[in-house]
Amino acid sequence: MSEPPKAERRPIVTAPLVVAGVCLVIPFIAILWVGSYAKTDPAFIGIPFFYWYQMAWVLISTGLTSIAYVIVRRHERARKAGAQR
Amino acid sequence: MNHGVNGVALGVFVFFFVAVTVMGFLAARWRRADNVDNAASLDEWGLGGRSFGTWITWFLLGGDLYTAYTFVAVPAAVYAAGAAGFFAVPYTILVYPLIFTFLPRLWSVSHKHGYVTTSDFVRGRFGSKGLSLAVALTGILATMPYIALQLVGIQAVLDVMGVGGGENTNWFVKDLPLLIAFAVLAAYTYSSGLRAPALIAFVKDGLIYIVILVAIIYIPIKLGGFDDIFAKAGHAFEQVNPATGKPRGELASGDKAQWAYGTLALGSALALFMYPHSITATLSSRSRNVIRRNTTILPLYSLMLGLLALLGFMAIAAGVKVKNGQLAIPQLFENMFPDWFAGVAFAAIGIGALVPAAIMSIAAANLFTRNIYKDFIKPAATPAQEAKVSKLVSLLVKVGALVFVLTMDKTVAINFQLLGGIWILQTFPALVGGLFTRWFHRWALLAGWAVGMVYGTVAAYGVASPTQKHFGGSNDQIPGIGEIGYIGLTAFVLNVIVTVVLTVVLRAVKAPAGVDETSPSDYTADVGDPGVQAELPPATAGAPGGH
C-alpha cells in the first residue's frame with residue numbers, strides 16, 4: 001500500500017542505452033514483417049530465400065544482442081563506479 | 001514401420017543410455033555445496049545451489065528449451081506443410097532480445113528475496129496468494145503435457161528402431177522399453193536433482209551437434225544437393241490434399257498465412273520464458289551477466305534448429321512416407337545413415353528427451369512445493385521438508401505424464417501441449433509486467449488472466465482440422481482484424497486490455513493494492529551487492545516470503 005521511499009537513484013537513460021534498446025527492437029521489426037521475405041528467390045546454394053534469410057537473421061540478431069550486451073555492461077559498471085565514489 | 005529390430009542401432013543407443021544413466025547418478029556429487037546444512041535444501045536439489053556459470057547455463061538452457069520433441073516435431077511440421085513449420089526459427093530469434101530485457105531483473109529480485117519460482121515473485125510483488133496460485137497452477141498444467149511429449153519423442157525413436165512398436169505384441173512388451181527409460185529418469189532426478197540434467201546436457205548437446213552437422217552435409221550429398229531437394233519438396237507441396245481440397249503446403253508463406261506465421265512466432269517467443277522449466281534453468285545461474293551473455297550464445301541452437309528443420313524437406317526428397325509425421329525424421333536417419341550412426345542419432349534424440357523431462361518435473365515440483373504446499377497446506381515447512389516434498393512431487397508428475405502417454409492417444413498430449421502454450425502466455429502480464437511496474441492491480445491481473453485462459457481454451461476447442469473436430473490447430477481468426485492468427489496472442493492481447501481497464505477502475509475506487517515486499521533497487525542488484533548471495537543459505541531460501 002505505502003510505496004517504498006523513492007530516495008534511490010532513478011534509472012538514468014543515456015544515449016548508449018537507447019542504442020541498445022534499438023538493437024533489441026530491430027529483430028522484431030525484421031521478423032514480424034513476414035511479407036518482406038515470404039518468397040523463394042533468390043536462392044542460396046539451392047535453399048529458397050525464405051529459409052536462408054531467416055537463418056541469416058539468427059546471426060544478425062545475435063550480433064545486435066551482443067552489441068546491446070556490451071553497452072549495458074559498460075553502463076552498469078560506470079554506474080557502479082559512480083555510486084562508490 | 002517395423003522391419004524387425006535394428007540390432008546395431010539399438011546397441012549404440014543402449015550404450016549411450018547406460019553411460020548417461022551412470023552420469024546421472026554421479027551428478028549428485030558434482031559441484032556440491034560443502035556446507036552439510038545446505039545439502040538438504042530446495043535450493044540445492046531444485047536449483048543446483050544456484051551456482052552455474054555461463055557455459056553450464058548455456059548447456060542447461062539449450063538442453064532444456066530445445067527438447068527431443070522439438071527435434072522431432074519441427075522437421076515433422078516442415079515435412080507436413082513446408083514454410084508454416086519453419087516458424088520455430090523466427091520464434092527463437094525473437095526470444096533472446098526479449099529475455100535480455102527482463103530475465104536479469106527476475107534474477108536479481110529472486111536472489112535478493114530467495115524466490116525459487118515465478119509464483120514466489122508474483123506473491124512477493126503483489127502481495128496476492130491468489131494471483132500466485134493462478135500462476136503456479138498454470139505453470140504446472142502447461143508443463144505436464146510437455147513432459148508427456150518428451151516420452152512421445154522417445155517412443156518415436158524406439159518405434160523406428162523396431163522395439164516396442166509392434167501391433168501384435170501385448171502392451172507390456174510394447175511399453176517395456178519406455179518404462180525402463182522412465183524408471184531410470186525418475187531415479188536419478190530423485191537422487192541428484194538439477195545437477196543430473198545439467199551434466200547430461202553436455203552429452204546430449206554434443207551428440208545432437210554431431211548428428212545435425214553430419215546430417216546437413218551427408219544427406220544433401222546423397223540426395224543430389226539442395227536444388228534437387230527443394231525442387232522435389234516444392235513438387236510434393238503442390239499436390240492437392242483430397243481431405244482439404246488445398247495444396248499440401250508451400251515453400252514460402254503465402255499472403256494468407258503471413259499473419260499466422262508472425263503471430264505464432266511472436267506468441268511463442270513471449271510464452272517460452274513463462275514456462276517454469278525455463279525459469280528454473282535461469283535462476284540456477286551465478287549472476288545477471290551469465291544470463292545476458294547467454295542471450296548472445298544461445299542463438300547457436302536456433303541456427304541448429306533451422307538446419308534441423310531443413311531435414312523435413314530432405315525426408316520428402318528421400319521419399320520417406322510415414323503416416324505419423326513424428327516418425328519422419330527418425331525414419332530418414334534410419335534410411336540414410338549406416339546403422340551405427342543411426343544409433344548415435346537415436347541416442348541423441350532419446351537423451352534429448354531425458355534432460356528437459358527431468359528439468360520440467362523439477363520445475364513443476366518446485367511450483368507445487370513453494371506456492372501450493374507451503375502457502376496453503378503447511379506454511380511452517382522447513383527447507384528439508386520442502387526439498388523432500390519437491391522430490392516426491394517430481395516423481396508424481398513424471399508418473400502422471402507416463403500414465404498420460406500410455407493410456408491416451410498421442411494426439412491428446414499434443415492438444416494439451418498446444419493449450420499449454422496458450423495458457424502459459426497468460427501469466428506474462430503478471431510476471432513481466434510486475435518486473436517493470438507496480439502499476440497493475442493484482443485483482444485486475446487475475447481477471448485478465450482468467451479472461452485470457454477462457455478465451456484461449458474456447459477458441460482452441462473450436463478449431464477443426466481434417467483429422468480432428470476440436471483442437472485442430474493453434475490458429476483462428478483474430479476478432480476485429482479478420483486475419484488468421486495465433487490464438488494465444490489474441491488471448492494475450494485481450495488479457496492485457498482487461499488488466500489495464502480494470503486497473504484504472506480498481507485504482508479509482510482505491511481497492512487494496514497489497515503489500516509489495518520488493519524495492520526498486522532489488523531489480524538491478526547483482527552478485528556482490530549487499531543482500532545478494534550467489535548461494536542462498538537455507539534460512540533465507542526457506543524464510544517465509546510475503547504475507
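Residues are numbered from 1 along each chain as its sequence is written, and chains are lettered from A in the order in which they are written. Because the model is predicted, local features need a pLDDT of at least 70 and side-chain atom pairs count only at pLDDT 80 or more, whereas totals for chains, interfaces and linings use all residues.

Chain A holds two helices and zero strands, where helices (H or I, at least four residues) and strands (E, at least two) are DSSP runs numbered from the N terminus. Of its 85 residues, 25% count as buried; a residue is buried if 20 or more other C-beta atoms lie within 10 Å of its own, exposed if 12 or fewer, and partly exposed in between, with C-beta atoms placed from the backbone. Two residues are in contact if their C-beta atoms, placed from the backbone, lie within 7 Å. Of the contacts in chain A between residues at least 6 apart in sequence, 59% join residues at least 24 apart.

Confidence is expressed as pLDDT, the predictor's score for each residue from 0 to 100. The average for chain A is 81, and 82% of the residues score at least 70. Residues 1-8 of chain A stay under 50, and the model has six contacts beyond four places in sequence for them. Where pLDDT is low, the predicted coordinates should not be read in detail.

UniProt, in an unreviewed entry, places the feature "transmembrane region" at residues 12-38 and 50-72 of chain A; such annotations may be inferred rather than shown by experiment, and positions follow the numbering used here. In the model, residues 50-72 of chain A are 100% helix, with their end C-alpha atoms 33 Å apart.

Although not a glycine, Ile45(A) has a positive phi of about 35 degrees; with 9 C-beta neighbours inside 10 Å, Ile45(A) counts as exposed.

Turning to the interface, 31 residues of chain A are in contact with 38 residues of chain B. On the chain B side, the elements giving two or more residues are α6 (88-113), α11 (225-238), α12 (258-272), α14 (288-297) and α15 (299-317). The most comes from α6(B), with eight residues.
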